[in-house]
Amino acid sequence: MNYRILGQTGLRVSEVGLGAFPISGVQTRPDGTELGWPGTTDDESIALIHRSEELGVNLIDTAEAYGNGHSEILTGKALQGRRDRWIIATKVSPNQGIDVDKPDEAAVRRRLTEACEGSLRRLQTDAIDLYQLHAIPPDWAMPTVMQTLADLRAAGKIRWYGISTNDRTAIEKLRALGPIHSLQIGYNLLERSADDLLHWSKAENIGTLIRVPLAKGMLTGKYSGDQAQTLDKTDIRYARFQRPETVDGLAKLPQLNFLATEQRNMPQAALRFVLDHPGVSCVIAGAKNRTQVEQNTAASELPPLTPEELARALPIADTIQTPGWI
């Protein structure tokens, strides 16, 4: 595993981090329906976190919203006795329970403070290494949000904080009110609109974590054409995979199969594409089992894609529509 510095934080992060959304599994919603990530078990989820550590991964990215906190709970269990070997990144939904049309700074402060305490409890830790906004707050709430994050940091509850967004305008608004230590940016071979944002982040020394590097499974090589219909209806991706643009995109994906060689498979090629961008600090690769972890982490040691491969792949990728994964 190779490592990079996460911008101004100085944190030394593994090039491939572990995305902990899939380990949240399938949850029952208030209406009785089930939705989430089928094919996971808590035991395997904990085992894959331990296997990731063995392979050099030292950053895990989760969120309070993943499985209604179940992902954080499993992360906390898995990291007992090994907390000092990991950088924990989690996310908070700042607008949850807030009437965005009625300014109430006290409610915003209370929401962030209580959410942080909840995440600390589920993660079984005294401090969160990287606390990220999972949504953009309304303009009136931004000063309170940024001040509350600064206060949580001063209290030792969080060490660094950032935002999960591709919205440059929102980033600039929040950054005018206080420091932004990191950005979580959606970027992959099929969705490259964040290219300029990544270059800007590098110039500003803001660390970046890259989400949806495999376009929610489109770039795994597992699905093509009508195979999207094989997704379980409890799968969080099911509705999007039924959209015409996704079905059409999946039908075109085999044109990119040349990126899979004797040295790498398709997911590794897709991860390598992201890692080759100079503005990337760490790519967050989700996994549901140890085999996927072993496959994903191997991308760190692979050589970059060649200019010839990029010249052939990018025009094809530009013809493949995606249903707004970013």
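Me: Is Ala 135 buried, partly exposed or exposed, and what is its relative accessible area?

Reply: This is a predicted model, where local features need pLDDT of at least 70, side-chain atom pairs count only at pLDDT 80 or more, and totals for chains, interfaces and linings use all residues. Residues are numbered from 1 along each chain as its sequence is written, and side-chain values use heavy atoms, with hydrogens and water left out. Buried means under 20% relative accessible area, exposed over 50%, and partly exposed in between (1.4 Å probe, protein chains only). Ala 135 is therefore partly exposed, its relative accessible area being 29%.

Me: Which residues does Ala 135 touch, not counting those up to four places away in sequence?

Reply: Ala 135 belongs to the loop between β8 (128-133) and α4 (142-154); helices (H or I, at least four residues) and strands (E, at least two) are DSSP runs, numbered from the N terminus. Pro 94 is 41 residues from Ala 135 in sequence, yet 6.6 Å from it in space, C-alpha to C-alpha. With contact meaning heavy atoms within 4.5 Å, Ala 135 touches Val 92, Pro 94 and Asn 95.

Me: Which residues of helix α5 are buried, and what arc do they cover?

Reply: In α5 (residues 168-175), the buried residues are Ala 170, Ile 171 and Leu 174. They lie on the same side of α5, because their arc around the axis, taken from the directions from the helix axis to the C-beta atoms, is only 105 degrees.

Me: Which elements do the buried residues of α5 pack against?

Reply: Strands and helices both take part. The partners are β8, α4, β9, β10 (182-186) and α6 (195-203).
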